[in-house]
Amino acid sequence: MAICRLRASLSLLKTKSPFFHYVPLHGFSSSQLSSQFESVGFIGLGNMGSRMANNLIKNGYKVAVHDINCNVMKMFSDMGVPTKETPFEVAEASDVVITMLPSSSHVLDVYTGPNGLLRCANLMRPQLLIDSSTIDPQTSRKVSVAVSNCILNEKKDHWEKPVMLDAPVSGGVLAAEAGTLTFMVGGSEDAYLAAKPLFLSMGKNAIYCGGAGTGSAAKICNNLALAVSMLGVSEAFVLGQSLGISAGTLTKVLNTSSARCWSSDSYNPVPGVMEGVPASRNYAGGFASKLMAKDLNLAATSAKEVGLQCPLTYQAQEIYTELCKDGHENKDFSCAFRHYYSGQDEL
């Protein structure tokens with residue numbers, strides 16, 4: 001099915017990339033299209049990355065992994081998955097490398113550090129490098145330029161130079177587990193089309209956003225909107241409770257009227273209203289408040305760089321920073337309902 005989607009997409013391609021030489025589709029067999037990224041390296045095996053790597057394995061890719069956490073490395077080794085000591089060793093064993101890391105500094109270290117993916121820039125094996133971390137667009141563009149200056153040790157199929165895509169995800173741990181993530185992709189469009197089977201092995205949507213850095217920009221904007229909507233919904237529930245309306249009743253109102261959103265109908269922050277969400281397990285798991293604070297810092301910095309007034313961004317940034325200072329940094333970001341607004345559980 002992924003091959004059919006790729007076939008349809010490639011047939012619409014009109015332009016060439018300087019790094020990826022487009023060859024008409026009839027030049028490839030189905031087996032070539034499915035096997036050009038047979039060996040996949042995955043770096044960063046946290047809550048998201050470990051599940052994404054598992055889905056690649058389930059879909060038949062030969063995966064090699066690396067992480068600084070010895071316990072998670074042992075877990076993959078016990079599953080029979082090759083583990084590598086450094087990012088550079090991952091690159092040597094892979095046609096494509098995917099990274100899922102906590103911050104911009106981690107990305108720079110994994111790509112350009114002493115044992116990084118680009119250590120031997122003139123002898124790189126991977127044709128494609130995909131970063132699914134949530135970082136600032138400027139760092140994504142900087143790393144993309146560094147990758148484009150490298151040389152493949154062996155030109156393969158239609159790849160003339162290595163290419164990088166920034167491809168952060170939305171959906172959280174549950175979507176990573178289920179393979180239903182949404183990828184927001186920036187970089188070469190033809191490289192995005194070639195990588196689509198990979199994305200659809202880990203998610204259900206892959207959206208091309210534009211040139212290098214636009215995937216990272218889309219993720220920052222998405223999480224900004226998510227943070228503000230969660231705070232708005234939490235504030236509404238607390239006001240409703242104060243005015244004598246139960247959260248369960250108000251949820252029915254919101255979800256059948258104009259205020260309906262993901263924070264109300266799929267990720268409700270009030271304990272006792274919805275099963276299977278972090279609020280139902282004392283805000284454990286999910287998307288940590290410290291990560292939301294980090295993403296809001298990225299959004300605030302980006303807004304200042306372009307001279308844009310974003311008062312809701314700054315307010316949300318202050319709230320999540322305060323939550324982290326109060327010791328709730330590892331709780332899901334929906335905990336703002338309880339720990340910032342002092343909302344009550346649904347009885």
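This is a predicted model: local features need pLDDT of at least 70, side-chain atom pairs count only at pLDDT 80 or more; totals for chains, interfaces and linings use all residues.

Me: OK, so where does Glu177 fall, and why?
Reply: Glu177 counts as partly exposed because its relative accessibility is 46%.

Me: What does Glu177 form a salt bridge with?
Reply: Arg51, with the closest N and O atoms 2.8 Å apart. Glu177 is in helix α8 (residues 172-178) and Arg51 in helix α3 (residues 49-58), so the pair ties together parts 126 residues apart in sequence. Arg51 is partly exposed too, at 24%.

Me: How many salt bridges does the structure hold?
Reply: There are 7. One of them joins Asp78 and Lys74, at 2.8 Å from N to O. Both residues lie in helix α4 (residues 70-78), 4 residues apart, or about one turn of the helix.

Me: Are Asp78 and Lys74 buried or exposed?
Reply: Exposed, both of them.

Me: Switching to packing: at what angle do α10 and α14 pack?
Reply: About 70°, with the axes 10 Å apart. That makes α10 roughly perpendicular to α14. On the α10 side the contact includes Leu224 and Met230, and on the α14 side Ile319 and Tyr320 are among the residues involved.

Me: And which residues form the nonpolar patch on the surface?
Reply: Leu239, Leu243 and Ile245, with about 300 Å² of accessible area together. Leu239 sits in α10 (residues 214-242), and Leu239 counts as exposed because its relative accessibility is 52%.

Conventions. Residues are numbered from 1 along each chain as its sequence is written. Side-chain values use heavy atoms; hydrogens and water are left out. Patches are made of residues with over 30% relative accessible area and no salt bridge: like charges are joined within 9 Å, nonpolar side chains (Val, Leu, Ile, Met, Phe, Trp, Tyr) within 5 Å. Accessible areas come from the Shrake-Rupley method with a 1.4 Å probe; for residues, only the protein chains shown count as cover. A salt bridge is a side-chain nitrogen of Lys or Arg within 4 Å of a carboxyl oxygen of Asp or Glu. Helices (H or I, at least four residues) and strands (E, at least two) are DSSP runs, numbered from the N terminus. Buried means under 20% relative accessible area, exposed over 50%, partly exposed in between (1.4 Å probe, protein chains only). Axes are lines fitted to C-alpha atoms, for helices over the stretch in contact, and angles run from 0 to 180 degrees between N-to-C directions. Angles under 35 degrees count as roughly parallel, over 145 as roughly antiparallel, 65 to 115 as roughly perpendicular and the rest as oblique. Contact means heavy atoms within 4.5 Å.
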